[in-house]
Amino acid sequence: MFGFPAETFFWFVPWPFIWVGLATVLYFKLKREDELEDKMEEEKNQNK
Amino acid sequence: MSIDGIIFIIYLSVLLSIGLWFSRKSSASTEQYLLGGRSLGPAVTAMTMQTTAMSGFMFMGAPAMAFKYGWYAVWYAIGDAGGSIINLSVLGKRMRRMSEILGALSPIEYLEKRFESPSVRVVGSIISIVFLFGYVCAQFIAAGKAMSTLTGFTYELSLIIGISVIIIYTVAGGYLAVAYTSFVQGLIMVVGVVGIGILAYFHVGGLTGLNGALKAIDPTYLSIWGKGLAYYGQWGMVLGAILIYSIGYMGLPHVVVRHMSMKSTKTVKGAVMISALWNQFFIFVPYILGLIGIILLPTIADPEMIITELAYTLFPGIFAALLLSAIMSAVMSTADSILMQAGSILSRDVYQRFINKNASQKTMILVSRLCILMGGIVGVVVAIYEPPSVFALVVFAFGTLGNAFLVPYVSSVYYKNANYIGCLCAMIGGATTNIIWTSMALETSTGLHPFLAGLLVSILGMIIGSRFGRKPSAEVQEAFEQSRQKRFFSKEFDRNIARELAPEASNVSKFLTNDNYFTGVDTYERYVSTRN
């Protein structure tokens with residue numbers, strides 16, 4: 001494990017992956033929200 | 001002057017030219033100049049936000065911290081690597097909507113309008129000015145040290161040259177130029193730091209080789225508790241170290257203003273992704289270089305110079321010059337934003353709001369420019385006569401700003417009943433706690449990081465304080481509800497918000513147009529009147 005003590009390895013190494021994973025989840029969540037907003041706006045414009 | 005010194009000077013000239021070129025390009029008309037913010041997509045938004053946030057601290061303070069504490073210092077990097085994700089996802093859309101509804105043009109004005117009290121603006125302005133200047137002073141010291149190493153000039157002369165470049169760049173550059181040069185600077189920072197990181201990494205035999213060598217010197221360097229197990233079992237210190245750079249950004253006025261000047265709420269998602277990737281490439285490397293410094297430069301007199309010393313020890317010549325250019329990039333991209341923000345706060349939130357309500361644009365611009373100049377002079381004096389370490393000053397100023405403003409900004413969009421008394425208690429309580437904790441070194445006796453202590457007091461201040469005094473008005477409560485909803489503006493309106501919410505652009509534009517810096521431009525007044 002790259003010469004780390006086990007405690008240091010498990011506390012430090014996963015974090016970059018956790019952050020990128022979280023950013024990916026947020027990206028798709030925000031994308032879905034944006035698409036939903038566009039759809040709502042289109043429907044609103046059609047109803048006018 | 002050596003060849004690398006000349007390369008460095010050329011780099012500075014090129015950077016200034018880019019700034020001026022973008023200013024000229026975007027100033028074909030005032031409207032185009034002000035609308036520049038509208039064209040900022042997620043990549044530039046992410047880069048400008050991150051390069052503003054990542055200061056000279058990353059090249060000097062971070063390696064020094066790792067040199068001192070060992071792998072424990074990486075707790076700070078872990079929080080930092082996720083800071084932009086948290087910042088953008090928590091505040092991003094809501095704050096942008098709320099600031100538009102309230103018609104706020106600066107982060108401090110935003111607080112006054114949300115919490116409905118001029119006292120909030122007074123206290124907020126004082127805290128932000130004092131600590132923003134402390135923060136920018138750290139950047140000046142970093143610039144002086146970097147230039148001194150590179151050019152061989154004395155520290156004092158380097159400081160004056162470095163600060164002069166920053167001030168000229170700040171006044172002449174403008175918001176669009178700042179944003180686009182931040183993009184270039186961000187790339188140089190990554191290439192510079194990752195380049196030296198890779199070379200140094202293989203020089204010491206990779207992580208295994210690095211850890212093996214550290215273990216041979218002192219096994220506690222590898223511990224999560226710091227060298228000599230200095231913080232053993234002190235989770236309050238660890239949590240504070242993570243939180244200061246993960247959530248602390250939400251309390252920095254010069255970073256928060258980026259939310260207000262985004263192209264649209266749609267920019268958030270791309271900016272989250274890009275900044276997250278950029279962070280993972282950039283943030284950990286300076287800390288690892290600090291650890292490499294323990295092995296390769298064990299007797300270094302000033303640990304803040306580890307990266308520059310490594311550059312000259314391992315890679316003299318052009319590469320070292322490029323790396324030092326990256327340091328200046330980090331310093332400049334932060335310093336120009338802070339100076340611009342501090343100038344805006346002093347001129348708009350203090351001078352125009354309380355001293356001269358009918359100040360003409362010309363007067364406002366003069367005040368703003370004088371404030372920036374004054375900040376520069378104070379910075380030079382402090383940096384020459386009382387130069388504290390970049391690391392200590394940044395952590396202190398960053399922590400105090402974060403403790404003062406984080407809770408008010410988050411509460412403004414998540415806590416409906418938050419009122420002005422809560423806001424004042426949170427700002428004063430949070431900032432004071434951080435100052436007392438740091439100056440009396442209470443972290444050693446309590447095991448609690450100053451940022452965590454300040455945060456807890458600030459949260460309590462907001463909750464308890466909001467139970468007293470008048471409740472938020474019906475208008476503010478309505479604005480709060482609207483900011484929680486999904487987009488309620490039309491697409492067209494949403495896209496146009498940026499021009500209203502880029503105070504830096506507005507400020508510089510007024511200066512440029514009033515001084516007829518660019519010929520053939522419309523005046524700001526004409527622009528406003530045509531819009532109305």
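**View 1. Helix H16(B), a mostly covered helix.** In H16(B), 31 of the 38 residues are buried, a residue being buried if 20 or more other C-beta atoms lie within 10 Å of its own, exposed if 12 or fewer, and partly exposed in between, with C-beta atoms placed from the backbone. Helices here are DSSP runs of H or I with at least four residues, strands are runs of E with at least two, and both are numbered from the N terminus. This is a predicted model, in which local features need pLDDT of at least 70 and side-chain atom pairs count only at pLDDT 80 or more, while totals for chains, interfaces and linings use all residues. Residues are numbered from 1 along each chain as its sequence is written, and chains are lettered from A and ligands numbered from 1 in the order in which they are written. H16(B) covers residues 318–355, and at 1.5 Å a residue it should span 56 Å, which agrees with the 51 Å between its end C-alpha atoms; the expected span is 1.5 Å times one less than the number of residues.

**View 2. The largest nonpolar core.** This core holds 170 residues, of which Ala73(B), Ala143(B), Val272(B), Leu324(B) and Ile327(B) touch the most other members. H16(B) gives the largest share of this core, 19 residues. A nonpolar core is a set of buried Ala, Val, Leu, Ile, Met, Phe, Trp, Tyr and Cys residues joined through C-beta atoms within 7 Å. Leaving aside residues up to four places away in sequence, Ile327(B) touches Gly56(B), Phe59(B), Ala142(B) and Ala146(B), where contact requires C-beta atoms, placed from the backbone, to lie within 7 Å.

**View 3. The crossing of H8(B) and H16(B).** The axes of H8(B), residues 118–151, and H16(B) come within 9 Å and cross at roughly 155 degrees; axes are lines fitted to C-alpha atoms, for helices over the stretch in contact, and angles run from 0 to 180 degrees between N-to-C directions. The two helices, H8(B) and H16(B), are therefore roughly antiparallel to each other, since angles under 35 degrees count as roughly parallel, over 145 as roughly antiparallel, 65 to 115 as roughly perpendicular and the rest as oblique.

**View 4. The packing of H4(B) against H14(B).** H4(B), residues 61–69, and H14(B), residues 284–296, pack at an angle of about 45 degrees with their axes 7 Å apart, and they are therefore oblique to each other. The crossing of H4(B) and H14(B) is right-handed. Among the residues that make the contact are Met65(B) and Phe67(B) of H4(B) and Tyr287(B) and Leu291(B) of H14(B).

**View 5. Helix H6(B) and the residue after it.** Eight of the eleven residues of H6(B), residues 92–102, are buried, so this helix is largely enclosed by the rest of the structure. The buried residues include Lys93(B), Arg96(B) and Arg97(B). Just after H6(B), Gly103(B) takes a positive phi of about 70 degrees.

**View 6. The contact between chains A and B.** Chain B gives 25 residues to the contact and chain A gives 22. On the side of chain B that touches chain A, the elements giving two or more residues are H5(B), H10(B) and H13(B), and H13(B) has the largest share, seven residues. Chain A has two helices and zero strands, and 15% of its 48 residues count as buried.

Conventions. Two residues are in contact if their C-beta atoms, placed from the backbone, lie within 7 Å. A crossing is left-handed if the near helix is turned anticlockwise from the far one by less than a right angle, and right-handed if clockwise.
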